[in-house]
Amino acid sequence: MAKKPYYISTAIAYTSGKPHIGNTYEIVLADSIARFKRQQGFDVYFQTGTDEHGQKIEIKAQEAGITPKEFVDNVAGDIKRIWDLMNTSYDKFIRTTDDYHEAQVQKIFKKLYDQGDIYKGHYEGMYCTPCESFFTSSQLVDGKCPDCGRECQAAKEEAYFLKLGKYTDRLVKHINENPGFIQPESRKNEMMNNFILAGLQDLCVSRTSFKWGVPVSFDDKHVTYVWIDALSNYITGLGYDVDGNNGENYNKFWPADLHLIGKDILRFHTIYWPIMLMALDLPLPKQIFGHPWLLQGDGKMSKSKGNVIYADDLVDFFGVDAVRYFVLHEMPFENDGVITWDLVVERINSDLANTLGNLVNRTISMSNKYFDGVITNTNVVEDVDADLKAVVTATVDKVVAKMDKLRVADAMTEIFTLFKRCNKYIDETTPWILAKDEATLPRLNTVLYNLVESICVGASLLEAFMPETTKKILAQLNATKRELDVLNQFGLYKSGTKVTDKPEILFARLDAKEVLAKVEEMQAAAKEAAGAEEVKEDEVVIDIEAKPEITYDDFMGMQFQVGEVIKCEEVPKSKKLLCSQVKIGSQVRQIVSGIKAWYTPEQMVGKKVMVLVNLKPAKLAGVMSEGMILCAEDAEGNVVLMTPEKDVPAGAEIC
């Protein structure tokens, strides 16, 4: 009987730079699902790739002094290298610069235009370059991009638009009739309440302000805007053809069973993409899962801080399967996960070295010590065996149930519960005591057989998540991986089989201090290497909306001086304000500032600050303020005082 097809895809990675471990998490997550589906007997097609067009790429290529194609070739190569390093079993790696993809994007655009779903207009609003997204002013959060929190720029240009409103009712009906379409449930509620039911504005689908994109075939001033280009990869990669000459893979695998994406791009995949498919009269994917983020535990990753965590660096320290284990097991189903170097060390020592590695090593070592490595089932059974067997044989159904709901971390927990039960079984049966008496050697045979059999079951279940570890374990036990449909049976390990006489240490315990010392050296080198390059980072360079020009006379009308804070107190009943007494020359000014979130009164006293002196006095929270202390604000809204580079007297003029 033919296998049932299963199509899984990741979002395609944007080629603006090397992906960090948070980006890499998605491909590992998708790989574990794809591998498990293969174990379940599905004919799996697993697609990933790179998104390579857009204004951000054009700008980065210009900064690098190379063509956009050269730039994306380099980055796409790095992304593919990391995907391969992480032992991911994708079937297709699509690039949106592939000729066949670009040709179909042009056809899709033309088809939607010809049938009236795309029309020409102009866009006027706020644009976020990193996200390549337009927003109305009302959609901004505190005046910034609602997705990434960065500054947006006012933009106006001629553009083509996709009619979203035409398909809104149909989309709502589909979501309501297919409760599993958007997962987790919280993501579905977010999309429905915050976007769809609030009313959809037509989507900008072309740009004229840059050239690095798929040209609109009938209007050479325009290039196809990112979402029609990027989203259509899920069908073009299968061989979809607008003219009806679809490839074999498209006919076999579409609609997709699962689009696996980050929660930050859920809107594009659950609103824009389904509407595009409806307009093309194509089936919608069966499920779209918005996974949470893997966050740096000690703050935002930054090249200037040297604390960006990359998958290849982690692999150099810990190995591929240890990294796979951490990112899969430590990520909650709905909430964001956290990664730090010391947390990785802790998990490797507790779960991989102790629970799993020590179990396999002890079992093989005892088998060699007591029976020259020959595992024999003598069937000398005691009551304690029944509980072990019950745990082992029940694990497969528990894992399948978790994986069917995409609860990958929970599925791995079930497998490690099996390994923990094996360790407990060793403590309960005390093999070292059984070995002392000739009369109890048959019982010892059974105990070791039960352990080897249990480990074989657990290792077979582990294959989707830690494939190389599974191979190593089974090779040491001289066993083969079992299919899922027999993992509820206990006793399939062939009695009389000899295990390896030299057990391999699967995961060595790590010294946290040694690891962290090496990490500090690596981060210091990375910080130094970033150097001037960091000026190009979004988090360092901030563009803000320009205010109207002023004249020299306007500027000369403002008086700036250096002041010294001699006293500072919190403003009663205010969560934001501090009241500072600032010495400026021979005078003392009282100045109220909204900086309580970043400075304590104690931290303010003694600081030299820059003050706008001739600002008209005003009451803030009932307290008179006689000037303004100048501060700077970064992309995340953090505030720092502007202070003189060198020590100058209070009252010195700033000119």
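## Close-up views of a predicted model

**View 1. Leu-441 and its neighbours.** Leu-441 touches Phe-371, Leu-434 and Ala-435, leaving aside residues up to four places away in sequence. Contact here means heavy atoms within 4.5 Å. Leu-441 sits in helix H17. Helices (H or I, at least four residues) and strands (E, at least two) are DSSP runs, numbered from the N terminus. Leu-441 and Tyr-370 lie 71 residues apart in sequence, but 8.7 Å apart in space, C-alpha to C-alpha. This is a predicted model, in which local features need pLDDT of at least 70, side-chain atom pairs count only at pLDDT 80 or more, and totals for chains, interfaces and linings use all residues. Residues are numbered from 1 along each chain as its sequence is written, and side-chain values use heavy atoms, with hydrogens and water left out.

**View 2. Helices H15 and H17.** The axes of H15 and H17 (residues 441-462) come within 9 Å and cross at roughly 170 degrees. That makes H15 roughly antiparallel to H17. Axes are lines fitted to C-alpha atoms, for helices over the stretch in contact, and angles run from 0 to 180 degrees between N-to-C directions. Angles under 35 degrees count as roughly parallel, over 145 as roughly antiparallel, 65 to 115 as roughly perpendicular and the rest as oblique. H15 contributes residues including Phe-416, Phe-419 and Tyr-425 to the contact, and H17 contributes residues including Arg-443, Leu-451 and Leu-462. By class, the contact of H15 with H17 has 14 nonpolar residues, four polar and one charged. Ala, Val, Leu, Ile, Met, Phe, Trp, Tyr, Cys and Pro count as nonpolar, Asp, Glu, Lys and Arg as charged, and the others, Gly among them, as polar.

**View 3. Helices H12 and H15.** The axes of H12 (residues 320-329) and H15 (residues 408-429) come within 8 Å and cross at roughly 120 degrees. H12 is therefore oblique to H15. Tyr-325, Leu-328 and His-329 of H12 meet Val-408, Ala-409, Met-412, Thr-413 and Phe-416 of H15. Six residues of this contact between H12 and H15 are nonpolar, two are polar and none is charged.

**View 4. The second largest pocket.** This pocket has a volume of about 510 Å³. Its lining has 27 residues, and Phe-134, Gln-139, Gln-201, Arg-267 and Tyr-272 lie nearest its centre. Helix H10 gives the largest share of the lining, four residues. The lining divides into 17 nonpolar, seven polar and three charged residues. On a 1 Å grid over the protein atoms alone, a pocket is an open set of points where a 1.4 Å probe fits, with protein on both sides within 12 Å along at least five of seven lines; lining residues have an atom within 4 Å of a point. Grid points are joined across faces, edges and corners, and a volume is the space filled by probe spheres set on the points.

**View 5. Backbone exceptions.** Most residues other than glycine have a negative phi, and most peptide bonds are trans. The bond from Gln-183 to Pro-184 is cis, with omega near -5 degrees. Pro-184 is in the loop between strand S8 (182-183) and H6. The bond from Trp-254 to Pro-255 is also cis, with omega near 10 degrees. Asn-478 is not a glycine, yet has a positive phi of about 55 degrees.

**View 6. Residues 534-541.** Here pLDDT stays under 50. pLDDT is the predictor's confidence in each residue, from 0 to 100. Where pLDDT is low, the predicted coordinates should not be read in detail.
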